[in-house]
Amino acid sequence: MPCDTDSLKKEYESLAQRNQEIDDTFISLYVNKAKGIFTERCFLKLKDAMEKEQESNQNYIQEIAALISEEEHSE
């Protein structure tokens with residue numbers, strides 16, 4: 001059953017956009033920590049959660065890129 005390349009590309013873009021949002025959020029989070037709004041513990045907990053999500057997204061992005069490449073080369 002062939003993959004739907006358009007759907008894969010949309011998912012790829014969605015994950016890449018989410019990773020950019022995480023980067024932007026991380027900057028804001030760091031600023032809030034520097035201002036004393038977040039404790040070090042809270043900052044680290046949020047940072048770890050965001051890094052895990054970003055890593056998961058990046059792994060999936062790589063899988064999607066491989067599927068898209070396979071699909072485009074089989075056409």
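Predicted model: local features only at pLDDT ≥ 70, side-chain atom pairs only at ≥ 80, totals over all residues.

Reader: Thanks! How many aromatic pairs are there?
Author: The structure holds two aromatic pairs. In the pair of Phe26 and Phe43, the ring centres are 6.0 Å apart and the planes meet at 40 degrees, so this pair is tilted. Phe26 lies in helix H1 and Phe43 in helix H2, 17 residues apart, so the pair links distant parts of the chain. The rule for rings of Phe, Tyr and Trp (its six-membered ring) is that they pair if their centres lie within 6.5 Å; planes under 30 degrees apart count as stacked, over 60 as edge-to-face and the rest as tilted. Helices are DSSP runs of H or I with at least four residues, numbered from the N terminus.

Reader: And what about Tyr30 and Phe43, how are their rings arranged?
Author: Their centres are 6.1 Å apart and their planes are at 65 degrees, so that pair is edge-to-face. This pair also links distant parts of the chain, with Tyr30 in helix H1 and Phe43 in helix H2, 13 residues apart. Tyr30 is partly exposed, at 48% relative accessibility. Phe26, Tyr30 and Phe43 form one aromatic cluster.

Reader: Phe43 keeps coming up! Is Phe43 buried or exposed?
Author: Phe43 is buried, with a relative accessible area of 5%. Leaving out residues up to four places away in sequence, Phe43 touches Phe26, Leu29, Tyr30, Lys33 and Phe38, where contact means heavy atoms within 4.5 Å.

Reader: Where does the charged end of Lys33 sit?
Author: Over the ring of Phe43, 5.6 Å from its centre. That wording applies if NZ of Lys or CZ of Arg is within 6 Å of the ring centre and within 35 degrees of the ring normal.

Reader: Changing topic, what do the buried residues of H2 pack against?
Author: They pack against helix H1, residues 5-34. H2 itself covers residues 40-74, and its buried residues include Lys47, Met50 and Gln54.

Reader: Which residues make up the largest nonpolar core?
Author: There are five: Leu8, Leu15, Ile61, Ile64 and Ile68. H2 gives the largest share, three residues. Such a core is a set of buried Ala, Val, Leu, Ile, Met, Phe, Trp, Tyr and Cys residues joined through side-chain atoms within 4.5 Å.

Reader: What does Leu15 touch?
Author: Leu15 touches Asn57, Tyr60, Ile61 and Ile64, not counting residues up to four places away in sequence.

Reader: Last one: what is Arg18 in contact with?
Author: Leaving aside neighbours within four places in sequence, Arg18 is in contact with Glu53 and Asn57. Arg18 belongs to helix H1 and is partly exposed, with a relative accessible area of 31%.

Methods:
Residues numbered from 1 in each chain as written. Heavy atoms only, no water. Helix = DSSP H or I, 4+ residues; strand = E, 2+ residues; numbered from the N terminus. Buried < 20%, exposed > 50% of the residue type's maximum accessible area, 1.4 Å probe, protein only.
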